[in-house]
Protein chains: 2
Amino acid sequence: MPTDTPQEQTSGGSVRRRERSRGFPAKPPVQIPRLEVPWPPLEIFSASEIERMLDAVYRVLEEIGMEILNPAALERFALHGAQVDAETGLVRIGRDIVQHFCSLAPERFVLHARNPVRDLHVGGNVVNFGPVNGAPNVSDLERGRRYGDIEAFRDILKVTHGLGIVHWQGGVVVEPVDLPVHTRHLDMYREHIVLSDAVWAARGVGGVQAFDGLNLCALEHGISLDDLARRPSLMIVTNVNSPRRVDAEILDSIMLMAEHGQCVVITPFTLMGAMAPITLPGALVQQTAEALAIVALVQMIRSGTPVVLGGFTSNVDMRTGSPAFGTPEYVRATIGGAQLARRLRLPYRSSSVNAAPCVDAQAAYETGFSLFAAIMSHSHLINHAAGWLEGGLCASMEKIVVDAEMLRHWAEILKQAEMTDDDIGLEAIRSVPAGGHYFGCDHTKARYQTAFYRPILSDWSNYENWRDAGELTATQRALGLWKSARDAYVAPPLDPAIRDSIEAYVARRKQALGDV
Amino acid sequence: MPTDTPQEQTSGGSVRRRERSRGFPAKPPVQIPRLEVPWPPLEIFSASEIERMLDAVYRVLEEIGMEILNPAALERFALHGAQVDAETGLVRIGRDIVQHFCSLAPERFVLHARNPVRDLHVGGNVVNFGPVNGAPNVSDLERGRRYGDIEAFRDILKVTHGLGIVHWQGGVVVEPVDLPVHTRHLDMYREHIVLSDAVWAARGVGGVQAFDGLNLCALEHGISLDDLARRPSLMIVTNVNSPRRVDAEILDSIMLMAEHGQCVVITPFTLMGAMAPITLPGALVQQTAEALAIVALVQMIRSGTPVVLGGFTSNVDMRTGSPAFGTPEYVRATIGGAQLARRLRLPYRSSSVNAAPCVDAQAAYETGFSLFAAIMSHSHLINHAAGWLEGGLCASMEKIVVDAEMLRHWAEILKQAEMTDDDIGLEAIRSVPAGGHYFGCDHTKARYQTAFYRPILSDWSNYENWRDAGELTATQRALGLWKSARDAYVAPPLDPAIRDSIEAYVARRKQALGDV
């Protein structure tokens, strides 16, 4: 039996204890590298079907229009030739305008991280994983399910960092409801900067929140806002109030980010049959139209600003209205949405998601299906890839570990195969007698320590050993693993002067915003 | 809350009871159809790498050879020009001989089922699912883990049939250890014929077992053995004693099947670092060489006999020797093995497998990865796709339901998209105000009952409803579902005269074989 299988981290006896140092957490997993998909993206629509859908996208924008609930945004649209009804906020945009401005958005770009190794490459065949975002609740097997707080927020950053699985951080990995609403974004941003050296996302709603994100990001990088604009580093991941409406607060955030040349990831939340047509092509037409209106707006404000077209189309349970994720419809929507984005030469964002009420086989297979679709469609940003549960209503600490295992599997699968004559191993085959075994041969001995991917969660014990060790499920074993990752967490380097400037900014702004 | 979610089948109160008839099991799932993969197969090797590996395959057969422990098989090989050492059983086969005979095997073929709708199409872009095979143990949440018996054997046939998820049945879905060893194959074959109308597999070891399989299959189809040879209907799924050895009993079975023109699925069991080189190319070279020797033998016996090149290459835990499945190495081996088979114009068999000790998130993600590889590599037969657990040491009743859900998801994902103007839904989008919803619109009402895939296991309830219904995991919910499927099982039609002939044959053979 392995002496450092995950379960022993929660149930091992003293005999085993000294052996644990051979495995995780004493030697935590290395950060997964930048990932490139070696296969062409999957497609579900023909080229002519894509053109038919795209025509409908433009007709939605030209004939039906978007409700833009922000006077400054309306001015922008009017300035560039859109038909604007200032009273209702309805904006109709000709396809020539949409096409022109969308063509100004970069097809691929880099967002700069404080640690240059962690620069986020967006576009092409690169896929990136991000953590759960926006959950109001957090759960773990020890403390149960509860509202999120800043401690849970920190724990999620530490564990996703420690397990080496995300290519960018935040947003709101869980809502810290223990902090005052109007200044909690400052605490979240500070935690991102202190606990991670990757690209991070600001909250996607509110001008104040974008303003503070921009300033803190500039401070983190030790540059001015003007320099930041030439060196995009920050992003927001934000929604549309589907169908066809964008509210003032979202637009404030988008416009401020655009003015400063930072990345806007715009994702209509279009559940088929609820906020979008019940048909897949219909929902994708609406999703793409809504996102393109924002892409155009961003380019109207500052041409060349990085934007990402986001997709979140899924189905609902038509008997209850409950959203469903990781379903066949979700898979097809992800693949089809990415196809439309590719046709438009825009990067695409999707998600690794599920609607399971607990971390069980359903959570794993729904997540597995959505991850398959996200990766094989060449989704450039894959949100919620660590810790999302309950259709996003809960961030689960154990789910982070299950997701880490799945993400690390994918990272291995996507590696290119090497092949030397020694890999082909004809002489190794010759050296082992018929009916013999390869355990002791030189070919094996030279490679056995690094030959195979070593899982962090999977338990390959036989039944008897597993039973005797307490019959722990993967979810139960995950409890010990996330706690180990949290406890073993080491913060990445941060210049003390920069840290001081961050703290001072946060204190000053809290005072200005009236925190008590 | 849905009134017919799976959990209510085990925990529902009387209020809900009358509503259950709306869902499964009163309306059991329909059989998934023949599945075609709309995407080209994934590849991990370049064309030149494939040729280099293939050269090594031929060199294994020419220079190193296979140990063939069966005099009749040795005669066959000698007759067709192979170099045979009758003393040791070592056979060396020139590549010209291997290539000639392998070229006689069909690239695609049909195995005939008693119910012609269920004919098994093997080859091209068609993927087929089969049940767990060869497990000595069975488990379920009520009765725990125990040795297999004929009752469990029947239950697995009923449940996989009832859930509509397999494209063929048997071999040994679980070992019925309560029956005498030398005649238990007769009972298993009878159950296949009585409980299923699909193609079934005979046990892959032993001449007696093949003989009885052939005769019972001919009786089932109401034709002679000669006619059966012209209408392939039976298969065996059998292994090689890797490395490079095939024992007498396996060869007896293979040769008898070949003489009667029935399908041989030959799968070397090549764990990297144990029975095969630790490198992926090395293991695939050995796997392909071993399988090709048998493919050639089958064609030497009866040219044109359907054969399938099987792959089972995976890694082991190098610290313990435990086999691992559904790993990144397994995924790559499956994709690479299928590539070699495609180059050889032979159908390929792989598996949907895992090494989890219980039906949990690990079982689901390992199964998910292997299923992804099997389907996306265009594996024509996907063994163990329903019920396999513990690296094959146990057939799990709850796992059948989890697998059923995953297989049915795939069946939906593989469907081709349709697109009418009405699907694009421009008028539906026009009809719903900005910020409104689509629940009540005509476009939705006309489609909501059939728009989306309806899961059998997934629970999309919100947390509170799920908690109040007993906090059941997917695995716990699966208990009620497989029992429902078993209890609702209805046997497919079987001509009473044929049934009598089956029973008479089994009785006669049991007497002949000395059953008591």
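Hi everyone, let's start with one leucine. Setting aside its neighbours within four places in sequence, B:Leu292 is in contact with B:Val57, B:Tyr58, B:Leu61, B:Val98, B:Cys102, B:Leu309, B:Leu344 and B:Leu346. Please keep in mind that this is a predicted model.

Now to the place where the chains meet. How many residues does each chain bring to the contact? Chain A gives 113 residues and chain B gives 114 residues. Between them, chain B and chain A bury about 9800 Å², and carbon and sulfur atoms account for 68% of that area.

For those of you who like charges, there are 6 salt bridges across the interface of chain B and chain A. One of the salt bridges in this model joins the side chains of B:Arg430 and A:Glu63, at 2.8 Å from N to O. If we sort the side of chain B that touches chain A by class, we get 59 nonpolar, 30 charged and 25 polar residues.

Finally, the symmetry. How does chain B superpose on chain A? A rotation of 180° does it, with 0.0 Å of shift along the axis and an RMSD of 0.0 Å. The two copies are therefore related as by a two-fold rotation axis. Within chain B, B:Ala361 has the C-alpha nearest that axis, at 2.1 Å.

And do look at the two faces on your screens. Of the interface residues of chain B, 99% are also interface residues in chain A, so the copies meet through the same surface.

Terms used
Residues are numbered from 1 along each chain as its sequence is written. Chains are lettered from A and ligands numbered from 1 in the order in which they are written. This is a predicted model: local features need pLDDT of at least 70, side-chain atom pairs count only at pLDDT 80 or more; totals for chains, interfaces and linings use all residues. Side-chain values use heavy atoms; hydrogens and water are left out. Contact means heavy atoms within 4.5 Å. Buried area is the accessible area (1.4 Å probe) that two parts lose on being put together, summed over both. A salt bridge is a side-chain nitrogen of Lys or Arg within 4 Å of a carboxyl oxygen of Asp or Glu. Ala, Val, Leu, Ile, Met, Phe, Trp, Tyr, Cys and Pro count as nonpolar, Asp, Glu, Lys and Arg as charged, and the others, Gly among them, as polar. Copies are superposed by least squares on the C-alpha atoms of residues with pLDDT of at least 70 in both.
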